[in-house]
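Subject: Structure handover

Hello,

Here is the structure I said I would pass on. Please open it and keep it beside you while you read.

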Amino acid sequence: MIKTIDGIIEAARGGEPGIIAVAAAHDRPVIEAVAEARREGIAVPVLVGHADEIAAMLRELGEDPAAYEIIPGDTDTDCAAKAVALCAEGRANFLMKGILGTADLMRAVFNKEHGLRTGRLTTHCMFYEIPALGRMIILTDGGVNTFPDLEKKADILENAAMCFQALGYETIHAACICGAEQVNPKIQSTVDADALAHMTDRWAKYGMDVCGPVALDLAVSPEACRHKHYSAPGAGMADILLVPNYEVGNGIGKAATLFGGAKNAGVILGAKVPIVLVSRSDSAYSKLASIAAGSVLSRRMHLS
């Protein structure tokens with residue numbers, strides 16, 4: 001069972017390095033991240049993009065461009081299509097966004113004829129290892145699905161459960177975050193949370209219990225549960241935080257990192273392969289951890 005982000009990195013180092021197709025790789029922070037992943041034995045990059053620029057960046061980092069597979073790509077659309085094709089053809093195990101728009105990449109992923117579409121909803125899972133909690137959680141969905149309805153929330157939750165199951169969790173606690181614990185028919189997030197908590201048959205195969213609606217403090221703090229006399233399956237010990245919309249997820253996630261000193265890593269799930277998206281503002285550690293998560297999950301999850 002992998003319980004820390006360092007553990008994800010070690011698991012990636014400990015197996016056969018996954019092959020990562022990088023779309024529009026002609027970006028210095030991206031090249032730095034994948035070069036480090038290659039040195040660490042975490043992933044073998046295939047770099048799609050402006051070949052001369054990529055080679056120059058590699059040389060600036062003391063890397064030999066001849067040691068890397070570089071596939072020329074012209075426009076963002078061209079780079080995305082070629083990187084996605086590598087995954088669709090089985091020549092790469094997972095995908096990474098370089099210096100191109102997320103929409104351009106996802107259009108290639110969702111291409112009905114040549115893409116990586118599955119029957120599952122595409123969702124963002126962000127790992128946070130928060131010192132104040134003393135454990136790693138998944139926050140979802142703070143990036144892809146903006147204002148999901150009940151059906152999408154169930155799919156978002158299931159992708160996160162599959163993720164933790166792949167890391168060896170036999171019991172998973174999930175919490176549907178709302179502003180309060182009472183179901184209020186005028187507040188849709190509380191109605192949805194109550195419905196999700198009652199989908200016990202759907203969660204049984206993951207060994208997962210779901211509580212909600214529940215406020216953040218009662219989701220993660222046993223002490224808060226004692227003070228407020230709140231009890232529900234997994235209350236105070238949530239492994240998964242399902243947020244009602246991306247604004248809540250984005251806010252909690254950034255607060256965990258900026259105010260709480262959390263380590264983090266993130267992937268998009270629901271396609272045939274994991275997709276790594278990193279921000280220029282992410283730390284080098286976070287970028288490496290995200291690539292490691294993609295590598296581990298590509299080996300352990302059945303995504304097609």
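Leaving aside neighbours within four places in sequence, which residues is L116 in contact with? Keep in mind that this is a predicted model. The contacts of L116 are V84, C87, A88, L95, A108, V109, A271, K272 and V273. L116 sits in a loop, between α5 (102–109) and β5 (123–130). Is L116 buried or exposed? The relative accessible area of L116 is 0%. Buried means under 20%, so L116 is buried.

Next, the cores.

The largest nonpolar core has 89 residues. Within this core, L95, F127, L167, M208 and I291 touch the most other members. Helix α6 (residues 150–166) gives the most to this core, with nine residues.

Not counting residues up to four places away in sequence, L167 touches M1, I2, I8, F127, M136, V296, L297 and R300.

From α2, the contact uses P29, A33, V34, E36 and A37. From α12, it uses K287, L288 and I291. By class, six residues of this α2 and α12 contact are nonpolar, none is polar and two are charged. You have met I291 already: it is one of the residues that touch the most other members of the largest nonpolar core.

The other pair is α6 with helix α7 (residues 188–197). How do their axes meet? They come within 10 Å and cross at roughly 50°. So α6 and α7 are oblique to each other. α6 passes α7 in a right-handed crossing. L150, K153 and A154 of α6 make the contact with S189, D192, A195 and L196 of α7. In this α6 and α7 contact, four residues are nonpolar, one is polar and two are charged.

Best wishes

Conventions
Residues are numbered from 1 along each chain as its sequence is written. This is a predicted model: local features need pLDDT of at least 70, side-chain atom pairs count only at pLDDT 80 or more; totals for chains, interfaces and linings use all residues. Side-chain values use heavy atoms; hydrogens and water are left out. Contact means heavy atoms within 4.5 Å. Helices (H or I, at least four residues) and strands (E, at least two) are DSSP runs, numbered from the N terminus. Ala, Val, Leu, Ile, Met, Phe, Trp, Tyr, Cys and Pro count as nonpolar, Asp, Glu, Lys and Arg as charged, and the others, Gly among them, as polar. A nonpolar core is a set of buried Ala, Val, Leu, Ile, Met, Phe, Trp, Tyr and Cys residues joined through side-chain atoms within 4.5 Å. Buried means under 20% relative accessible area, exposed over 50%, partly exposed in between (1.4 Å probe, protein chains only). Axes are lines fitted to C-alpha atoms, for helices over the stretch in contact, and angles run from 0 to 180 degrees between N-to-C directions. Angles under 35 degrees count as roughly parallel, over 145 as roughly antiparallel, 65 to 115 as roughly perpendicular and the rest as oblique. A crossing is left-handed if the near helix is turned anticlockwise from the far one by less than a right angle, and right-handed if clockwise.
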